Structure formats: structure tokens, C-alpha cells
Amino acid sequence: MSETTEFTSGLRSGFVPALSAAPFGMLFGAVSVADGQSVFETALMSITIFAGASQLVGVELFGQRVAPWLIIVSIVAVNFRHVLYSAALTPVISHFPLPKKMIAFFLMTDPQFAEALKRHEKEQGVTFSWYLGAGLVLYILWNIMTLIGATLGGFIKNPEALGLDVLLPIYFLSLVMGFRKRPNYLPVVAVSALGSILAYAIVGSPWHVSIGAVAGILLAAILPPGAKRRRHSERFYQ
Amino acid sequence: MSDFTNEHMILVILGAAVATYMTRIAGYLLLSVVSDIPPRAEAALNAIPAAVLTTLVAPAFYAGGWESKLAIAAALVTGLRYESPLPMIAVGWSTVMICRYFIIG
């Protein structure tokens, strides 16, 4: 296929995932501005971070007066799956020259990773033109939706009246539930939940984030590893 | 409300952007250095996302009003049936809005 056909095919691959991510881009924009960030800061987050969960965690923690280093650590922790993704994507894009690899990793999101691996497994070949097409649809739509959400967010005077305050916890809950097939999922979540609630009540915000998370992570290290080791593909798609 | 000054805020955002990009290339960089991760370290690494995200849900449930608790619980039940976030958000949001406008008054 020619480069243009590859690029168009990439645009098509990225379109449906971009549409399903669109509401979250808008949610991010609206919540961020309603929470006190400027439209510029909100847009800057989407342009430079380009990771929905990280950005929403960021906004949640900016609102809680958490120390900057802890915000960055939390954002990395939430985005940690990307370490696994980039390891799995490396053989798929090994034929890209280094600068194109670096661009490819910047555009790597859950759907981008999934589409690239799907294409690789069907032996359709992952070209840079295809990858860029799919990545740009996601990137551009994400930023447009952020701006729309941020503009609307400016008119929101009372987020609770619109029920915006429950959206983030529920969104994070949906992400937590997405990990439920991992080994020792229930004990880890139970200990993190209990730890964070106790820390919230006793030590106070923002320490509940790190205390609760460390409790869950330590438990995972202490418990015997899960009975069955999951297959490669299952692990990366979670 | 954010406590940071503007320049401070922009530095935090750029720091977060660099850190996010590091996670995106870390697998590629590590692949050439580390060949095998010890099982306990791998178990701890695997637990990080769920552990961190849980700490953003549980205290919100604990500190929220009864209508927020009900909304989060309704979303949890929805999540057991539907895997994607949108149905959970739809159910949770409707629950909180119905409670706030029709029950609390």
C-alpha cells in the first residue's frame, strides 16, 4: 500500500476509539476548569500529557493541595501500564527509525496500542504512516474535546448541582474494576481502600493517596503470587 | 481550588508530561537492560494501578453524602455487569441527580 493509503487506513483505525474517548476529553476539560485550572493550563495538559486517566488524576490531586512531587508520582503510577505497553510495542515498531519511534511512543495510548498489536498479529504490517494516522485522530479529537469541555466548564458555577463531583470517583472506580482479573485483586483493593479511608480520617488529605496505595502494593508483594500466570496478551490488554 | 501559582502549575504540568512520556518509553529502554523481574517485584508492579486508583475512590465514598455513596454503589453494581466506564458513569450520575433534585428537593 502507498503511504497515503496507509495513513487513511490509520485514520479509520483510530476513528472509533477516538469517538469513545471523546466524552472523557470533554469531561476532563469541564472538570479541570470547574476545579479552578485555566483553559490554557487545561489545554496544556491534553497537549503535553495526552493520557486521560493521568490527566483526571492530576486534576483530582490539584484540587486537594497535594505536593507537586506526589502528583507526579501518582500520575506515573496510574500510567504504569504504559511501561508494559512500550515493552510489548517495541518488537512491533522495531523497523521505525529512532525519531519515529520516539513519536510513536508519545502517541501510544490504550486504543493505539491495542490497534497496533491487532494489526501486527493479523500480519498487516504496522507502518509509520498507518500508526501516525491512527495516533493523530486520537490526539486531535482528544484536544478538541478538551477545549469544548473547558469552554463549557467555565460556565459551571456549582459542580455539585450538575452532579460533576461523582463523575471522577466513578470513572476511577471503572478503571479499578478493569483490573479485576489480576492476581490478588480483591485483597489489594480492599487494603488500599481501607488504608486510604483510615489515612483520610486520621492523617488527612493528601496523604491518603500514598498511604493507601503503599498498603495495597506491599500486600501484593507479601502475598503468594497468583496461582496461574496470565498469558502475554491477556496481561497487556487489561 | 488550586493552591499553586500559575508558573508553579505549569511546571507541575510539564513535569507530569515528562514523567508520563518516561512511562511510555520505559518498557523500550528497560527491555535492553533487564531480562527478568523477580516474581514479588512483578506482583508489586502489577498491583500499582489498582492500588493507586482505589485511593481516589474509597475516600470519596467515605466522605461523600448519602446520595454520593448511593451513586458510587449503583455504579459498582453496573460495573459488575457492563465492563466499560460509560454505563457506570450514566447510572451513577443519574442516581445522584435524581437524589439531589427529587428526593433532597
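Which helix gives the most to the lining of the largest pocket? A few notes on that and the rest of the model follow.

1. **Ground rules.** This is a predicted model, so to speak only of what was counted: local features need pLDDT of at least 70, side-chain atom pairs count only at pLDDT 80 or more, and totals for chains, interfaces and linings use all residues. Residues are numbered from 1 along each chain as its sequence is written, chains are lettered from A and ligands numbered from 1 in the order in which they are written, and side-chain values use heavy atoms, with hydrogens and water left out.2. **Chain A overall.** Chain A has twelve helices and zero strands; here helices (H or I, at least four residues) and strands (E, at least two) are DSSP runs, numbered from the N terminus. The radius of gyration, taken over C-alpha atoms, is 19 Å for chain A, close to the 18 Å that the globule rule gives for 238 residues, so chain A is as compact as a globular protein of that length (the rule is 2.2 Å times the number of residues to the power 0.38). Its C-alpha trace spans about 60 × 50 × 30 Å along the principal axes.

2. In chain A, 53% of the 238 residues count as buried, meaning under 20% relative accessible area, with exposed being over 50% and partly exposed in between (1.4 Å probe, protein chains only). Take the contacts in chain A (heavy atoms within 4.5 Å) between residues at least 6 apart in sequence: 74% of them join residues at least 24 apart.

3. **Domains.** The assignment for chain A gives domain 1 (3-178) and domain 2 (180-238); such bounds come from an automatic or database domain assignment. The centres of the two domains, taken over C-alpha atoms, are 23 Å apart. Where they meet, 17 residues of domain 1 are in contact with 13 residues of domain 2.

4. **The largest pocket.** To come back to the opening question, α1(A) gives the most to this lining, with six residues. The largest pocket holds about 1,200 Å³ of space. It has 42 lining residues, and R81(A), D110(A), P111(A), L175(A) and P85(B) are the closest to its centre. Volume is the space filled by probe spheres set on the points, which are joined across faces, edges and corners.

5. **Who lines the largest pocket.** Helices supplying at least two residues each include α1 (3-34), α7 (110-121) and α8 of chain A, and α4 (85-103) of chain B. By class, the lining has 27 nonpolar, nine polar and six charged residues (Ala, Val, Leu, Ile, Met, Phe, Trp, Tyr, Cys and Pro are nonpolar, Asp, Glu, Lys and Arg charged, and the others, Gly among them, polar). Domain 1 and domain 2 of chain A each give at least three residues to this lining.

6. **The second largest pocket.** This one has about 730 Å³ of space and 29 lining residues, with D35(A), E60(A), Q64(A), D165(A) and L168(A) nearest its centre. The largest share of its lining, five residues, comes from α2(B). The classes come out as 15 nonpolar, nine polar and five charged.

7. **A look at L138(A).** L138(A) sits in helix α8 (residues 128-153) of chain A and counts as buried because its relative accessibility is 7%. Leaving out residues up to four places away in sequence, L138(A) touches G14(A), P17(A), A18(A), F50(A), T109(A), P111(A) and Q112(A). Q112(A) is 26 residues from L138(A) along the chain, with 8.2 Å between their C-alpha atoms.

Terms used:
1 Å grid on protein atoms, 1.4 Å probe; cavity = no way out; pocket = protein on both sides within 12 Å on 5 of 7 lines; lining within 4 Å.
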